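Good morning, and thank you for the time. I would like to take you through one model this morning, element by element.

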Amino acid sequence: PAADARPTVAEDLGLDELVAANRAMRQAMLQAVQVVAALRSEEAEQQDEGLTLLLETLGVSFGDDAKVLCQLLRDSGVVPPLASLLADADPVLRTKALLVLGNICSDAVDADSAYTKEALLQEGADRPLFACLDSTDEATVALTCAALQNLCHDLRWAQKAITLGAVPRIEQLATDSNADVARYAAGTLRNMKVRLDEVKAS
(Lines give C-alpha, C1' and ligand atoms only; values in the text may rest on other atoms or scores of the structure.)
Protein backbone atom coordinates (compact mmCIF):
# COMPACT_ATOMS: atom_id res chain seq x y z
CA PRO A 1 0.00 0.00 0.00
CA ALA A 2 1.08 3.54 -0.67
CA ALA A 3 2.62 5.36 2.26
CA ASP A 4 0.52 8.04 3.92
CA ALA A 5 1.34 11.55 2.71
CA ARG A 6 3.29 13.41 5.34
CA PRO A 7 3.23 17.23 5.79
CA THR A 8 6.24 19.14 4.59
CA VAL A 9 8.39 20.90 7.16
CA ALA A 10 6.89 24.23 6.05
CA GLU A 11 3.37 22.91 6.49
CA ASP A 12 4.25 21.31 9.83
CA LEU A 13 5.59 24.59 11.19
CA GLY A 14 2.76 26.63 9.74
CA LEU A 15 5.23 28.66 7.68
CA ASP A 16 2.77 29.14 4.85
CA GLU A 17 0.39 30.84 7.25
CA LEU A 18 3.19 32.97 8.67
CA VAL A 19 4.29 34.06 5.21
CA ALA A 20 0.71 34.92 4.27
CA ALA A 21 0.24 36.86 7.51
CA ASN A 22 3.51 38.70 6.93
CA ARG A 23 2.48 39.60 3.42
CA ALA A 24 -0.92 40.82 4.61
CA MET A 25 0.70 42.96 7.31
CA ARG A 26 3.10 44.57 4.82
CA GLN A 27 0.19 45.29 2.50
CA ALA A 28 -1.82 46.84 5.35
CA MET A 29 1.12 49.02 6.35
CA LEU A 30 1.62 50.20 2.78
CA GLN A 31 -2.09 50.95 2.44
CA ALA A 32 -2.11 52.95 5.69
CA VAL A 33 0.83 55.03 4.51
CA GLN A 34 -0.84 55.63 1.13
CA VAL A 35 -4.11 56.69 2.79
CA VAL A 36 -2.37 59.17 5.09
CA ALA A 37 -0.38 60.60 2.17
CA ALA A 38 -3.63 61.11 0.25
CA LEU A 39 -5.29 62.84 3.22
CA ARG A 40 -2.31 65.18 3.54
CA SER A 41 -2.56 66.17 -0.11
CA GLU A 42 -3.70 69.66 -1.03
CA GLU A 43 -5.81 68.18 -3.82
CA ALA A 44 -9.43 67.52 -2.84
CA GLU A 45 -9.67 64.65 -5.31
CA GLN A 46 -6.78 62.80 -3.67
CA GLN A 47 -8.18 63.48 -0.20
CA ASP A 48 -11.53 62.08 -1.32
CA GLU A 49 -9.86 58.97 -2.75
CA GLY A 50 -7.97 58.45 0.51
CA LEU A 51 -11.12 58.78 2.61
CA THR A 52 -13.06 56.45 0.30
CA LEU A 53 -10.33 53.79 0.45
CA LEU A 54 -10.16 54.13 4.22
CA LEU A 55 -13.92 53.72 4.61
CA GLU A 56 -13.91 50.68 2.32
CA THR A 57 -11.08 49.09 4.32
CA LEU A 58 -12.75 49.79 7.65
CA GLY A 59 -15.95 48.30 6.29
CA VAL A 60 -14.34 44.89 5.79
CA SER A 61 -12.11 44.89 8.90
CA PHE A 62 -13.33 43.22 12.08
CA GLY A 63 -11.96 42.08 15.42
CA ASP A 64 -8.18 41.93 15.65
CA ASP A 65 -7.82 42.98 12.01
CA ALA A 66 -9.65 46.24 12.71
CA LYS A 67 -7.60 46.81 15.86
CA VAL A 68 -4.34 46.33 13.94
CA LEU A 69 -5.56 48.57 11.11
CA CYS A 70 -6.41 51.38 13.51
CA GLN A 71 -3.01 51.10 15.17
CA LEU A 72 -1.30 51.22 11.78
CA LEU A 73 -3.32 54.32 10.90
CA ARG A 74 -2.34 56.04 14.16
CA ASP A 75 1.31 55.09 13.69
CA SER A 76 1.20 56.37 10.10
CA GLY A 77 -0.07 59.77 11.27
CA VAL A 78 -3.73 59.67 10.25
CA VAL A 79 -4.98 61.87 13.10
CA PRO A 80 -3.62 65.33 12.08
CA PRO A 81 -4.99 65.35 8.50
CA LEU A 82 -8.26 63.80 9.66
CA ALA A 83 -8.65 66.51 12.30
CA SER A 84 -7.99 69.19 9.67
CA LEU A 85 -10.69 67.79 7.40
CA LEU A 86 -13.30 68.33 10.12
CA ALA A 87 -13.15 72.04 9.29
CA ASP A 88 -12.96 71.59 5.52
CA ALA A 89 -15.29 73.75 3.46
CA ASP A 90 -16.13 70.80 1.20
CA PRO A 91 -19.14 69.04 2.78
CA VAL A 92 -18.31 65.74 1.04
CA LEU A 93 -14.80 65.61 2.52
CA ARG A 94 -16.10 66.75 5.90
CA THR A 95 -18.83 64.10 6.11
CA LYS A 96 -16.47 61.32 5.01
CA ALA A 97 -13.93 62.43 7.61
CA LEU A 98 -16.67 62.35 10.25
CA LEU A 99 -17.70 58.87 9.15
CA VAL A 100 -14.10 57.65 9.44
CA LEU A 101 -13.82 59.31 12.83
CA GLY A 102 -16.97 57.64 14.11
CA ASN A 103 -15.57 54.25 13.11
CA ILE A 104 -12.02 54.50 14.44
CA CYS A 105 -13.27 55.96 17.73
CA SER A 106 -15.68 53.09 18.30
CA ASP A 107 -14.71 50.58 20.98
CA ALA A 108 -16.58 47.98 18.94
CA VAL A 109 -14.28 48.58 15.97
CA ASP A 110 -11.03 49.15 17.86
CA ALA A 111 -10.59 47.90 21.41
CA ASP A 112 -7.73 50.40 21.72
CA SER A 113 -9.72 53.38 20.43
CA ALA A 114 -8.83 55.31 23.60
CA TYR A 115 -5.47 56.05 21.97
CA THR A 116 -7.18 57.59 18.96
CA LYS A 117 -9.47 59.65 21.19
CA GLU A 118 -6.48 60.97 23.10
CA ALA A 119 -4.58 61.75 19.90
CA LEU A 120 -7.55 63.71 18.56
CA LEU A 121 -7.64 65.85 21.69
CA GLN A 122 -3.90 66.48 21.46
CA GLU A 123 -4.39 67.53 17.85
CA GLY A 124 -7.10 70.02 18.83
CA ALA A 125 -9.89 68.21 17.00
CA ASP A 126 -12.41 68.99 19.74
CA ARG A 127 -13.26 72.54 18.66
CA PRO A 128 -13.83 71.87 14.94
CA LEU A 129 -15.78 68.74 15.80
CA PHE A 130 -18.14 70.47 18.24
CA ALA A 131 -18.50 73.31 15.71
CA CYS A 132 -19.97 70.78 13.27
CA LEU A 133 -23.00 70.50 15.57
CA ASP A 134 -24.09 73.91 14.27
CA SER A 135 -23.77 72.97 10.60
CA THR A 136 -26.75 73.61 8.33
CA ASP A 137 -26.02 70.30 6.62
CA GLU A 138 -28.14 67.57 8.21
CA ALA A 139 -25.73 64.75 7.31
CA THR A 140 -22.87 66.62 8.96
CA VAL A 141 -24.86 67.06 12.17
CA ALA A 142 -25.94 63.41 12.25
CA LEU A 143 -22.40 62.11 11.69
CA THR A 144 -21.02 64.54 14.28
CA CYS A 145 -23.47 63.25 16.87
CA ALA A 146 -22.57 59.67 15.93
CA ALA A 147 -18.87 60.39 16.38
CA LEU A 148 -19.48 62.16 19.69
CA GLN A 149 -21.51 59.22 20.97
CA ASN A 150 -18.37 57.08 20.58
CA LEU A 151 -15.95 59.76 21.75
CA CYS A 152 -17.87 60.57 24.91
CA HIS A 153 -17.31 57.07 26.22
CA ASP A 154 -14.04 58.76 27.17
CA LEU A 155 -14.13 61.00 30.26
CA ARG A 156 -11.88 63.64 28.70
CA TRP A 157 -14.22 64.08 25.76
CA ALA A 158 -17.24 64.19 28.06
CA GLN A 159 -15.54 66.95 30.03
CA LYS A 160 -14.65 68.80 26.80
CA ALA A 161 -18.30 68.86 25.82
CA ILE A 162 -19.01 70.68 29.08
CA THR A 163 -16.08 73.10 29.04
CA LEU A 164 -16.71 74.08 25.42
CA GLY A 165 -20.39 74.69 26.10
CA ALA A 166 -21.65 72.01 23.71
CA VAL A 167 -24.11 70.33 26.07
CA PRO A 168 -27.11 72.66 25.45
CA ARG A 169 -26.78 72.09 21.70
CA ILE A 170 -26.52 68.32 22.15
CA GLU A 171 -29.60 68.39 24.40
CA GLN A 172 -31.45 70.34 21.73
CA LEU A 173 -30.45 67.82 19.07
CA ALA A 174 -31.65 64.94 21.25
CA THR A 175 -35.20 66.04 20.39
CA ASP A 176 -34.47 66.76 16.72
CA SER A 177 -37.02 65.73 14.10
CA ASN A 178 -34.30 63.73 12.35
CA ALA A 179 -34.41 60.31 14.05
CA ASP A 180 -30.70 59.60 13.50
CA VAL A 181 -29.64 62.95 14.91
CA ALA A 182 -31.90 62.52 17.94
CA ARG A 183 -30.71 58.97 18.61
CA TYR A 184 -27.00 59.77 18.39
CA ALA A 185 -27.34 62.96 20.43
CA ALA A 186 -29.25 61.09 23.14
CA GLY A 187 -26.56 58.40 23.08
CA THR A 188 -23.90 61.06 23.53
CA LEU A 189 -25.67 62.48 26.59
CA ARG A 190 -26.15 59.00 28.01
CA ASN A 191 -22.47 58.11 27.61
CA MET A 192 -21.42 61.42 29.12
CA LYS A 193 -23.63 60.80 32.15
CA VAL A 194 -22.17 57.33 32.68
CA ARG A 195 -18.60 58.63 32.66
CA LEU A 196 -19.31 61.68 34.82
CA ASP A 197 -21.30 59.60 37.33
CA GLU A 198 -18.33 57.23 37.62
CA VAL A 199 -16.13 60.18 38.60
CA LYS A 200 -18.63 61.36 41.21
CA ALA A 201 -18.86 57.88 42.68
CA SER A 202 -15.10 57.41 42.90
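Buried here stands for a relative accessible area under 20%, exposed for over 50%, and partly exposed for what falls in between, with a 1.4 Å probe and protein chains only. Helices (H or I, at least four residues) and strands (E, at least two) are DSSP runs, numbered from the N terminus. Contact, or touching, means heavy atoms within 4.5 Å.

Two remarks on the source. This is a predicted model, in which local features need pLDDT of at least 70 and side-chain atom pairs count only at pLDDT 80 or more, while totals for chains, interfaces and linings use all residues. Residues are numbered from 1 along each chain as its sequence is written, and side-chain values use heavy atoms, with hydrogens and water left out.

How many residues of helix 9 are buried? The count is 11 of 14, so helix 9 is largely enclosed by the rest of the structure. The buried residues are Thr140, Val141, Ala142, Thr144, Cys145, Ala146, Ala147, Leu148, Gln149, Asn150 and Leu151. From first C-alpha to last, helix 9 reaches 20 Å, close to the 20 Å expected at 1.5 Å a residue; the expected span is 1.5 Å times one less than the number of residues.

Next, the chain as a whole. The protein chain holds 12 helices and zero strands. Of its 202 residues, 41% are buried. Among contacts between residues at least 6 apart in sequence, 68% join residues at least 24 apart.

I turn to helix 10, residues 155-163. Trp157, Ala158 and Ala161 are its buried residues. Seen down the axis, they fall within an arc of 105°, so they line one face of helix 10; the arc is that of the directions from the helix axis to the C-beta atoms. Helix 7 (113-122), helix 8 (126-131), helix 9 (138-151), helix 11 (167-173) and helix 12 (179-201) are among what covers these buried residues.

Leaving out residues up to four places away in sequence, Trp157 touches Lys117, Leu120, Leu121, Ala125, Asp126, Leu129, Phe130, Leu148, Leu151 and Cys152.

With 28% relative accessibility, Leu155 counts as partly exposed. Which residues does Leu155 contact beyond its neighbours within four places in sequence? They are Arg195, Leu196 and Val199. Leu155 and Arg195 stand 40 residues apart in sequence, yet 5.6 Å apart from C-alpha to C-alpha. Just after helix 10, Gly165 has a positive phi of about 70°.

Now to helix 3, residues 44-59. Gln47, Gly50, Leu51, Leu54, Leu55, Thr57 and Leu58 are buried in helix 3. They cover an arc of only 165° around the axis, which puts them on the same side of helix 3. On the other side, Glu45 and Glu56 are exposed.

A search of the whole structure finds one cavity of 30 Å³ or more. A cavity is a set of points, on a 1 Å grid over the protein atoms alone, where a 1.4 Å probe fits but cannot get out; lining residues have an atom within 4 Å of a point. Grid points are joined across faces, edges and corners, and the volume is the space filled by probe spheres set on the points. The largest cavity holds about 30 Å³ of space. Its lining consists of Gln31, Ala32, Val35, Leu53, Leu54, Thr57, Leu69 and Leu73. Helix 2 (15-39), helix 3 and helix 4 (63-75) each supply at least two residues of that lining.

Finally, two loop residues. Ser106, in the loop between helix 6 and helix 7, is buried, with a relative accessible area of 11%. Ala87, in the loop between helix 5 (79-85) and helix 6 (91-104), is exposed at 58%.

Notes
1 Å grid on protein atoms, 1.4 Å probe; cavity = no way out; pocket = protein on both sides within 12 Å on 5 of 7 lines; lining within 4 Å.
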